[in-house]
Amino acid sequence: MTVTSVMEPKMPKCWRQETKPHKFCPGCGHGDVLKALGTAIDELGIQDRVVFGCDIGCSLLSWDFFNFDSIQTHHGRTTPVITGVKRARPELICIAYMGDGGGYAIGSQHLVNAASRNERIFVLLANNAQYGMTGGQMAPTTLPGMKTETSPYGRDVEWTGNPTLGPEMVAAITPDSAYVARGTMSNLRQLTQMMKKALQNQIDGNGFSFVEALASCPTNWRTNAAKTWEFVEKEMPQYFKVGELKVPAKKEG
Amino acid sequence: MADKPIQGEKRMFVTGNEAVAYAALAANVDIMYGYPITPQNEIMHYFTRLAPKFDKPFLQTEDEISAGFTTVGGVMSGKRSFTATAGPGNTLMQESMSMAEMMRIPTVVVIMQRGGPSTATVIYSQQEVTMTCYGANGEGIRVVYSTCNHQELYDYTIKSFNTAWKYRIPTFVLGDGYQAKMRESLTMYDPEARGIKMVDTYPLVGLPGSPGVDRDPAHLRNTYNTEEELYEVVSNLVKDYEAVAPEIVESESFDCDDAEVVVLAHGVVSRAAVEAVRELRKAGIKAGHFRPITLRPFPDKELKAVANQAKKLLVVESAQGQFAKLVHHSLYGDSTPMEYIFKPGLGITSDEIINKVKAML
Ligand SMILES: Cc1ncc(C[n+]2csc(CCOP(=O)(O)OP(=O)(O)O)c2C)c(N)n1
Ligand code: SF4
Ligand SMILES: [Mg+2]
């Protein structure tokens, strides 16, 4: 046994220790995405001002994850709840956390309209290419040919369309003051930087911020560690290009 | 910035929608969220004209799902927030109201009933009784005020904020298209000038201090892992609701003491009932009228007392028995004969009631 393996993994300061270990399956991407979020919030020093909303989907398991005031709401409805908080209390830093089903299927009208209205909120979406919580059904983000419980012979794009490109859509409908990016759990340093920029954009009162994070669901993908990693690192980015899509220009003066 | 929307008292001749917008501002509401639907639109129209003078924002959302959930968010942030809707919009708002029930979020929603089912008419009905009282997957942990005139729209809009925040129960003002669109006189007032203190609001999230450092974070959820856990939560909701129900419940009766036939109606239809009873009394017929003002909680005790004395009951409503179901439930075990006038989506005149009562004697 090496020394490092018995050391406590480093937790972001704003994680709530009492509720760790967290409730996600081993190898789940949600934990990593929330680690990046926690690190970004620690580095910005905004923990006291955050209101965190989580969706229904495996994101709900984060309802007691952080030392921030948190609201667990309904499937797809985190965006309007957090919008309501922000509109009533603009001084708060408001984050809506959801899955790909929550953001791109049942709550897509909220995402589109919050983006169009340039709501000063941060929407963070974990894309694991299927519905995790309900047992692995097809999502708008399921890859072509990918097998899920409701596409057991592989996703047929003729019948069901192509995977939703969320950040591309959000970038197309937001003004220049929005921040839009796609990161991945396989590059947590970059993902953390994206989240910092997204949060800073809200702190500055600029506009809407949106980050999609490619995330694993080994339980429903039925993959071992190596295959899980390969799917996140190699398969997903073929459809979902990682990088920043919209970065607000630095304000003059 | 203007001082107060209403200084002291003021006699006004306005539509019901205008009365609601004024009442919300007089109640010192912080924010309104909404989506257009007839016959409720003018609440938003008047609100958006008046509210900026008092620095109160309005957000037009993408649909009523969003209007309901943004209202939930506004309330949870500690602000006196409300929305208004009707018909299919009321349908869409039920999802957020079930969250409000479960988490005891003091939302206020004004409903102006229109014809149903479906898109139906934009005019009038009393067909949103079941949905407003018991909509969504829940147990009806709500307060529903059914108003009958503009004065009441004004009074109960103000009161609904206080009921919601005092008891932390989602509260509804149930009007209808007639009340919304018609003009009549009422006295608007500054609640303070009448000694009505607005119940203080407070945040459920975005609390002062440092979560995890000098206080625990507020972790608010509506999802539970076990049947037993949920059962306990819902049992407590029901218990709390039943404990405060006697304080909340309101009703009115008119000439019931010696009445042979008591007309049961709620909302705007009770105006026809009052008129009918007056005429019948003039003709020497012993008629009375009982009217629940709160449909949730329902005035069971008061109605039972009236039913005990009456020879016959007549239930009158602009729906196919939605109100009658509440009456049946309330009077379970009582054997007073009951007859009905059901006119879904249609107005009811005093003459129809008079003729029916005469036929019942
Ligand atoms: C209105 C409604 N419809 C359906 C569901 C069932 N449901 C719960 S979670 C979920 C999908 C979750 O998938 P996603 O949003 O991608 O999150 P993940 O679990 O993959 O992180 C669904 C359909 C629900 N809770 N509410
Ligand atoms: S089912 Fe998938 S998304 Fe949900 S916790 Fe498990 S691994 Fe994570
Ligand atoms: Mg998913």
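**Exercise 1. Find the polar contacts of ligand 1.**

Let's start at the ligand: an oxygen atom of ligand 1 is 3.2 Å from a polar backbone atom of A:Gln130. A polar contact is a pair of N or O atoms within 3.5 Å; within protein, one must be able to donate a hydrogen and the other to accept it, and residues adjacent in sequence count only if both atoms are side-chain atoms.

Before going on, note that this is a predicted model, in which local features need pLDDT of at least 70 and side-chain atom pairs count only at pLDDT 80 or more, while totals for chains, interfaces and linings use all residues. Residues are numbered from 1 along each chain as its sequence is written, chains are lettered from A and ligands numbered from 1 in the order in which they are written, and side-chain values use heavy atoms, leaving out hydrogens and water.

*Solution.* 
- Step 1: list the surroundings. Ligand 1 has 16 residues around it (a heavy atom within 4 Å); the closest are A:His30, A:Cys58, A:Asp100, A:Gly102 and A:Gly132.
- Step 2: look at A:Asp100, where a polar side-chain atom lies 2.5 Å from a ligand oxygen atom.
- Step 3: turn to A:Gly102, which places a backbone N or O atom 2.8 Å from an oxygen atom of ligand 1.

**Exercise 2. Describe the interface of chain B and chain A.**

*Solution.* 
- Step 1: count contacts (heavy atoms within 4.5 Å). Here 37 residues of chain B meet 32 residues of chain A.
- Step 2: take the buried area, meaning the accessible area (1.4 Å probe) that two parts lose on being put together, summed over both. The two chains bury about 2800 Å², with 57% on carbon and sulfur atoms.
- Step 3: count salt bridges (a side-chain nitrogen of Lys or Arg within 4 Å of a carboxyl oxygen of Asp or Glu). There are four, including B:Glu95 with A:Arg77, whose closest N and O atoms are 2.9 Å apart.
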